[in-house]
Amino acid sequence: MNILPGTASLLEELDKKLMVLLRDGRTLIGYLRSVDQFANIVLHRTIERIHVGKEYGDIPRGIFIVRGENVVLLGEIDRDKERDLPLTEVSVDDILDAQRREQELKQDQKRLINKTLKERGLSYIPDMGHDDMF
């Protein structure tokens, strides 16, 4: 196996099916078609996979260009293991509904924490040190 430095190692992954976790939390699965010196990547036949609990749904996205700075994790998909997922596939509408409910629950929990802290004379200041807003 040849070890290449930096983004050159991504050249070995060309035309392979990859899973890419983005900085905003989205998960993309597609075929790597191009990469440059900044680790910007082009995915072909891309799907966005949404997980909620033990369910998942796939949204077709087509060709997807991702800036290298937005990639948190990237890895090859093992086709044998992909077939034996311990998850249940549901429709796009169902998974989006489940995702919305999950996000509302998290917001309710945050409001409850903030209210409890405020009642005790404390305040919660979210960590603004990350560049997640851009």
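## Working through the fold

Of the contacts in the protein (heavy atoms within 4.5 Å) with a separation of 6 or more, 48% are between residues 24 or more positions apart. This is a predicted model, where local features need pLDDT of at least 70, side-chain atom pairs count only at pLDDT 80 or more, and totals for chains, interfaces and linings use all residues. Residues are numbered from 1 along each chain as its sequence is written, and side-chain values use heavy atoms, with hydrogens and water left out.

**Exercise 1.** Work out which pattern the protein follows along the sequence.

*Solution.* Start with the tally: there are two helices and six strands. Helices (H or I, at least four residues) and strands (E, at least two) are DSSP runs, numbered from the N terminus. Now read along the sequence, and you get β-β-β-β-β-α-β-α.

**Exercise 2.** Find which strand forms a hairpin with S1, and how many residues lie between them.

*Solution.* Take S1, residues 17–22, and look at S2, residues 27–35: five bridges join them, and they run antiparallel. Two strands pair if DSSP finds at least two bridges between them. Within this pair, Leu 18 sits opposite Gly 30 in S2. S1 and S2 make the hairpin, with four residues between them. In that turn, Gly 25 has a positive phi of about 95°.

**Exercise 3.** Say how S1 and S5 run, and which residue stands opposite Met 19.

*Solution.* S5 covers residues 71–76, and five bridges join it to S1. The two run antiparallel. Opposite Met 19 you'll find Gly 75 in S5.
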